[in-house]
Amino acid sequence: MQELTDVVDGLLHPETQVHDRGVDLTVAGIHEVAAPGRIDFGGDEVAEADLEPCDVTRRNPDDEYQWWHLEAGQYVVQYNEFFVGDDPMHLQARNKVLARGASHPSLRVDDHLPLVPLSVGGAGIRIKENARISTLRPLSNESGPE
């Protein structure tokens, strides 16, 4: 098993992101699906969906980072980090995201971090640029998200 610091490139602040349960991943971009993609049986007609970046805004004029103001709906998340590990890992939403009415599927990561669908319910959610929204952890680690 590789060290947790060796399975992810592009960590913004390893001292905060890496812990004994896994590696927290940060949001680089949030997109809406502007036009549908296609999936077929044989693969000849597969087409990517058109993704449109969601707007970001500053809470205060002198803020360094901006916020996404997401209404209830479906979005697609892109991470700042890249998976470079050899062993499969498990990706899950952080409890802080779940407790605020948003979620994404838990999934196995084998060779790269995919774009991940984000579901936002209720009154929506505000997410700051570079917020830690997911945890990548070893498959053998049975402890839950932070």
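The model I am reading is a predicted one. Gln-78 belongs to strand β7, and I noted the residue as partly exposed because its relative accessible area is 37%. I also checked Gln-78 against Arg-94, and the two are 16 residues apart in sequence and 15 Å apart in space, taken C-alpha to C-alpha.

**Entry on Asp-24 and its partners**

I turned next to the salt bridges, and a search of the whole structure gave four. Arg-94 and Asp-24 form one of them, in which the closest N and O atoms are 3.6 Å apart. Arg-94 sits in the loop between β9 and α2 (95–98) while Asp-24 sits in strand β3, so this pair ties together parts that are 70 residues apart in sequence. I recorded both Arg-94 and Asp-24 as buried.

Asp-24 also meets Arg-132 in a salt bridge, at 2.7 Å from N to O. Since Asp-24 is in strand β3 and Arg-132 in strand β14, the pair ties together parts that are 108 residues apart in sequence. I then compared the cover on the two side chains: Asp-24 is buried, with a relative accessible area of 0%, whereas Arg-132 is partly exposed, with a relative accessible area of 26%. Put together, Asp-24, Arg-94 and Arg-132 are linked in a network of salt bridges.

I looked at a further salt bridge, in which the side chains of Asp-110 and Arg-108 meet at 2.7 Å, N to O. Asp-110 counts as partly exposed because its relative accessibility is 40%.

**Entry on strand β14**

With Arg-132 placed in β14, I followed that strand along its residues, 132–138, and found it mostly covered, six of the seven being buried. Which strands pair with β14? I found that strand β3 (residues 22–35) pairs with β14 in the antiparallel sense over four bridges, and that strand β9 (residues 89–93) pairs with β14, also in the antiparallel sense, over five bridges.

**Entry on the nonpolar core**

I then asked which residues of the largest nonpolar core touch the most other members. The core has 28 residues, and the ones I listed are Leu-25, Ile-30, Leu-70, Tyr-79, Leu-118, Ile-127 and Leu-136. At least two residues of this core come from each of β3, β6 (67–70), β7 (73–79), β9, β12 (116–120), β13 (125–128) and β14. The strand that gives the most to the core is β3, with four residues.

I took Leu-118 from that list for a closer look. Not counting residues up to four places away in sequence, Leu-118 touches Leu-70, Gly-73, Gln-74, Tyr-75, Val-77, Ala-102, Ser-103, His-104 and Ile-127.

**Entry on Ser-119**

I went on to Ser-119, which lies in strand β12. With its neighbours within four places in sequence left aside, Ser-119 is in contact with Gly-73, Gln-74, Gly-101, Ala-102 and Ser-103. I wrote down Ser-119 as partly exposed because its relative accessibility is 26%. As a check on distance, Ser-119 and Tyr-79 are 40 residues apart in sequence and 16 Å apart in space, C-alpha to C-alpha.

**Entry on the open sheet**

I traced an open sheet of three strands, whose order is β5-β6-β13 and whose pairing is antiparallel. Because β5 (56–57) and β13 stand at the edges with a single partner strand each, one side of each is left without a neighbour in the sheet. Two bridges join the antiparallel strands β5 and β6, and here I found Val-56 opposite Trp-68 of β6.

**Entry on a surface patch**

Last, I looked for nonpolar side chains on the surface, and I noted a patch formed by Val-33, Leu-51 and Leu-115, with about 240 Å² of accessible area together. Leu-51 is placed in strand β4 (residues 50–53), and I recorded Leu-51 as partly exposed because its relative accessible area is 34%.

How values were computed. Residues are numbered from 1 along each chain as its sequence is written. This is a predicted model: local features need pLDDT of at least 70, side-chain atom pairs count only at pLDDT 80 or more; totals for chains, interfaces and linings use all residues. Side-chain values use heavy atoms; hydrogens and water are left out. Patches are made of residues with over 30% relative accessible area and no salt bridge: like charges are joined within 9 Å, nonpolar side chains (Val, Leu, Ile, Met, Phe, Trp, Tyr) within 5 Å. Accessible areas come from the Shrake-Rupley method with a 1.4 Å probe; for residues, only the protein chains shown count as cover. Buried means under 20% relative accessible area, exposed over 50%, partly exposed in between (1.4 Å probe, protein chains only). Two strands pair if DSSP finds at least two bridges between them. A nonpolar core is a set of buried Ala, Val, Leu, Ile, Met, Phe, Trp, Tyr and Cys residues joined through side-chain atoms within 4.5 Å. Contact means heavy atoms within 4.5 Å.
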